Amino acid sequence: MKPINTTQEYQNYVDKKSPNSPILKNCFNAFWVGGLICSIGQIILNICKSRGMDTQMSGTVVSIILIGISAFLTGLNLFNKIGKFAGAGSLIPITGFANSIVSPAMEYKSEGYVMGVGSKMFTVAGPVLVFGISASIIVGLIFMIFNTQNITFV
Amino acid sequence: MNKIGKQTIKLDMAPSILETASIVGPKEAQGPLAKYFDKCLDDEFWGESTWEKAESKIIKETVNTVINKSGIPSNKIDYCFAGDLLNQCISSSFGLRELGVPFFGIFGACSTYVEGMALASILLSSGAGEYALYAASSHFCSAEKQFRFPLELGNQRPPTSQWTVTGSGAGILAKNGSGPYVTYITPGKVVDMGIKDANNMGAAMAPAALDTLITHFTDTGRNPSYYDAIFTGDLGYVGKEILIELAQTKGYNIKSNYNDCGVLIFDKENQDTHSGGSGCACCGSVFSGYIFNQMKTKKYKKVLLIATGALTNSTTVQQGESIPGIAHAVSIEI
């Protein structure tokens with residue numbers, strides 16, 4: 001091996017020496033766990049609909065149940081184990097969003113309900129909210145412009 | 001005491017490590033070195049309400065343990081050096097506030113244990129006291145909270161990430177004693193090779209360890225085979241490999257007698273600790289527990305201990321700054 005002198009050489013060397021995440025395995029686990037969570041959601045949705053709820057109401061009930069389960073599993077120290085196994089599979093559905101709010105709330109309870117739970121609850125989910133809401137405003141503006149001009153693509 | 005070479009201190013009146021003590025958490029208790037620690041905790045809280053309180057208790061009780069083991073009452077100890085990873089070294093300040101010994105709070109990230117040992121040795125060697133105490137602690141949960149994400153967050157850790165050791169290591173040095181002696185100190189320089197990945201601390205610290213290692217050999221005229229064992233603090237598997245290869249390019253073969261405390265403390269396969277242990281307590285507990293024991297039983301007679309630290313800050317990492325490394329070496333001989 002040649003001696004390393006520059007930071008760029010070192011960075012290249014470190015990239016080569018550092019083991020990569022097992023991407024294939026991670027993707028596979030994310031795929032089936034994510035699919036399973038969505039299937040559970042679909043089952044709940046179908047049950048709600050068969051009991052006479054409309055689509056919008058059924059969707060709300062699905063969200064509430066999945067969020068509830070996710071928050072509960074977070075409190076039981078189980079969701080982080082699922083997340084470690086499934087990665088984006090449990091992170092991307094609404095379950096991950098619930099976990100990202102409940103986990104800092106638990107973590108910062110020691111700093112009190114106001115300065116701890118209240119102010120730190122959105123440290124992880126905050127960016128999702130900020131950029132999610134921003135994106136919806138931009139899309140809404142675009143929709144409004146095209147809609148008032150009576151130009152539609154559909 | 002005088003300076004030799006570029007940055008090494010030779011201690012003529014070499015202070016002696018009288019006794020060491022270590023307390024570790026439950027995960028470390030499942031590791032291969034469990035039997036060497038003075039106490040293994042059943043849970044991370046240890047009866048306290050917060051992790052920060054638990055860490056303070058760990059360092060406090062480790063200091064009490066070393067005082068009891070050495071038989072030197074705290075009023076005979078002239079100085080103490082202690083540090084940890086939490087902001088403003090708060091665990092050490094809380095942990096040692098009832099001790100009543102002049103206190104130097106130090107920060108060298110995960111190199112704190114050896115930094116304390118080195119400074120205490122210099123102080124005793126200068127004739128400024130009879131006994132000095134040094135300690136360092138870290139806690140997985142409080143470190144995750146400060147540097148990374150909430151514990152319950154369901155995220156994945158990359159294979160280069162390391163597991164902060166929960167625990168503490170402490171030692172008492174005596175001006176006059178029967179060994180093991182602290183004979184040489186090579187304080188390290190801040191070395192930054194531009195690594196920005198906070199999940200690859202081993203790679204960030206390895207160049208600092210290399211710099212201190214080579215400087216130590218050049219200054220003292222020694223070579224790797226002089227030592228029975230060379231230990232780094234917490235380079236982990238990734239950093240260890242890098243250090244071996246980099247040392248090779250500089251003409252030093254350390255492969256046969258070198259290991260890393262972060263590699264030793266956990267069982268990589270069964271404990272899911274990825275690249276190994278890290279934190280002040282990694283080097284602290286492994287030296288205080290395992291290595292010191294091996295020296296007392298004369299298995300190792302000459303040890304070079306190089307504690308490594310990633311001088312990082314959660315704010316600057318987010319700002320895209322690199323992670324400077326540091327490594328302090330002490331030569332400990334019987």
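**View 1. Packing of helix α6 against helix α7 in chain B of a predicted model.** Helix α6 (residues 201–220) of chain B packs with helix α7 (residues 236–249) of chain B at an angle of about 40°, their axes lying 8 Å apart; axes are lines fitted to C-alpha atoms, for helices over the stretch in contact, and angles run from 0 to 180 degrees between N-to-C directions. Helices (H or I, at least four residues) and strands (E, at least two) are DSSP runs, numbered from the N terminus. On the side of α6(B), the contact is made by G202(B), A203(B), M205(B), A206(B), A209(B), L210(B) and L213(B), and α7(B) contributes G236(B), V238(B), G239(B), I242(B), L243(B), L246(B) and A247(B); two residues are in contact if their C-beta atoms, placed from the backbone, lie within 7 Å. This is a predicted model, in which local features need pLDDT of at least 70 and side-chain atom pairs count only at pLDDT 80 or more, whereas totals for chains, interfaces and linings use all residues. Residues are numbered from 1 along each chain as its sequence is written, and chains are lettered from A and ligands numbered from 1 in the order in which they are written.

**View 2. The contact between chain B and chain A.** The contact takes 28 residues from chain B and 33 residues from chain A. On the side of chain B that touches chain A, the elements giving two or more residues are α6 and α7 of chain B, and the largest share, 7 residues, comes from α7(B).

**View 3. The surroundings of T160(B).** T160(B) is placed in the loop between α5 and β8 (163–164) of chain B. T160(B) counts as buried because it has 23 C-beta neighbours inside 10 Å, the term requiring 20 or more other C-beta atoms within 10 Å of the residue's own, with 12 or fewer for exposed and partly exposed in between, and with C-beta atoms placed from the backbone. Leaving aside neighbours within four places in sequence, T160(B) is in contact with S18(A) and P19(A), and also with N199(B), N200(B), G202(B), V238(B) and S275(B). T160(B) and N199(B) are 39 residues apart in sequence, yet their C-alpha atoms are 6.1 Å apart in space.

View 4. Chain B is divided into domain 1 (2–174) and domain 2 (181–333), with bounds that come from an automatic or database domain assignment. Their centres, taken over C-alpha atoms, are separated by 17 Å, and the contact takes 60 residues from domain 1 of chain B and 58 residues from domain 2 of chain B. The largest nonpolar core has 109 residues, and those with the most contacts inside it are Y134(B), A209(B) and L305(B); such a core is a set of buried Ala, Val, Leu, Ile, Met, Phe, Trp, Tyr and Cys residues joined through C-beta atoms within 7 Å. Not counting residues up to four places away in sequence, A209(B) touches T232(B), L235(B), L243(B), I306(B), T308(B) and A327(B).
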